[in-house]
Structure formats: C-alpha cells, structure tokens
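Subject: Model for your files

Dear colleague,

Here is the structure I said I would pass on. Please look through it first; my notes on what was found follow below.

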Amino acid sequence: LVCCSCGIAECDSIEALIVYTDNSVIWKDFNRIRCSDDYGLYFEFKKTQYQEFVDELRNTPDKNEVVLT
C-alpha cells in the first residue's frame, strides 16, 4: 500500500490484506515488510465508492506525464 521513496521495491513498505465482499472492500492485518508488527488497523469502504475512487485515480494523469500537442 505504501512504499519508501528510495525507489527500491519492498523497502520498508506497508502491506495489508485486502478482502472484497459483495458490498464492501476491507483493508486489515497491516504490517511492515521488514518487521511483522500488527498495527491493529481495519478499514471498510463501500464497494461502489471504493471503485469510483480507484477509477478516478486511474483517470488522473501522472504528474510526470508529458502531453504532446
């Protein structure tokens, strides 16, 4: 979910188990890759709102993208 800005894959990243149900998307079991701390976090999103947000992100141009006209 979150990575260190150094550019090395899995460097001090945060991962979580993502569960899809009929009506929601759940993020749980958060931990750091370098150590297995359980942060006790739990987030539940309405599936429709979650998908709308992901779609919006997909349609947002990358800030480094060059558009030629």
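Two strands are taken to pair if DSSP finds at least two bridges between them. The model is a predicted one, and with that criterion it shows an open sheet of 3 strands in the order β1-β2-β3, with antiparallel pairing. The edge strands are β1 and β3, each of which pairs on one side only. Averaged over the sheet and with direction ignored, neighbouring strands are turned by 25 degrees against each other.

The pairing of β1 with β2 can be given in some detail. Strand β1 covers residues 14–20 and runs antiparallel to β2 over 6 bridges. The two strands form a hairpin, with 3 residues between them. Tyr-20 stands opposite Val-25 in β2, and Val-19 has Ile-26 of β2 as its bridge partner.

Next, the aromatic side chains. How many aromatic pairs does a search of the whole structure find? The search gives 5. One of them joins Trp-27 and Tyr-50 in an edge-to-face arrangement, 6.2 Å centre to centre and with 90 degrees between the planes. This pair links distant parts of the chain, since Trp-27 is in strand β2 and Tyr-50 in helix α1, 23 residues apart. Tyr-50 is buried, at a relative accessible area of 15%, whereas Trp-27 is partly exposed at 22%.

An angle over 60 degrees would have been needed for edge-to-face, and one under 30 degrees for stacked. Phe-45 is partly exposed, with a relative accessible area of 30%. Taken together, ring pairs link Trp-27, Phe-30, Phe-43, Phe-45 and Tyr-50 into a cluster.

With Tyr-39 and Leu-41, Phe-43 makes a nonpolar surface patch of about 270 Å². Tyr-39 lies in the loop between β2 (24–32) and β3 (42–46). The relative accessible area of Tyr-39 is 38%, which makes this residue partly exposed.

Last, the charged side chains. A search of the whole structure finds 1 salt bridge. Which side chains meet in it? They are those of Arg-58 and Asp-55, at 3.5 Å from N to O, and the cut-off for such a contact is 4 Å. Both residues lie in helix α1 (residues 47–58), 3 residues apart, which is about one turn of the helix. Arg-58 is exposed, with a relative accessible area of 62%, while Asp-55 is partly exposed at 32%.

Regards

Key:
Residues numbered from 1 in each chain as written. Predicted model: local features only at pLDDT ≥ 70, side-chain atom pairs only at ≥ 80, totals over all residues. Heavy atoms only, no water. Helix = DSSP H or I, 4+ residues; strand = E, 2+ residues; numbered from the N terminus. Buried < 20%, exposed > 50% of the residue type's maximum accessible area, 1.4 Å probe, protein only. Patch = residues over 30% accessible without salt bridge, like charges linked within 9 Å, V, L, I, M, F, W, Y side chains within 5 Å. Areas by Shrake-Rupley, 256 points an atom, 1.4 Å probe, with all protein chains shown as cover. Phe/Tyr/Trp six-rings, centres within 6.5 Å; stacked < 30°, edge-to-face > 60°. Axes fitted to C-alpha atoms, helices over the stretch in contact; angles between N-to-C directions.
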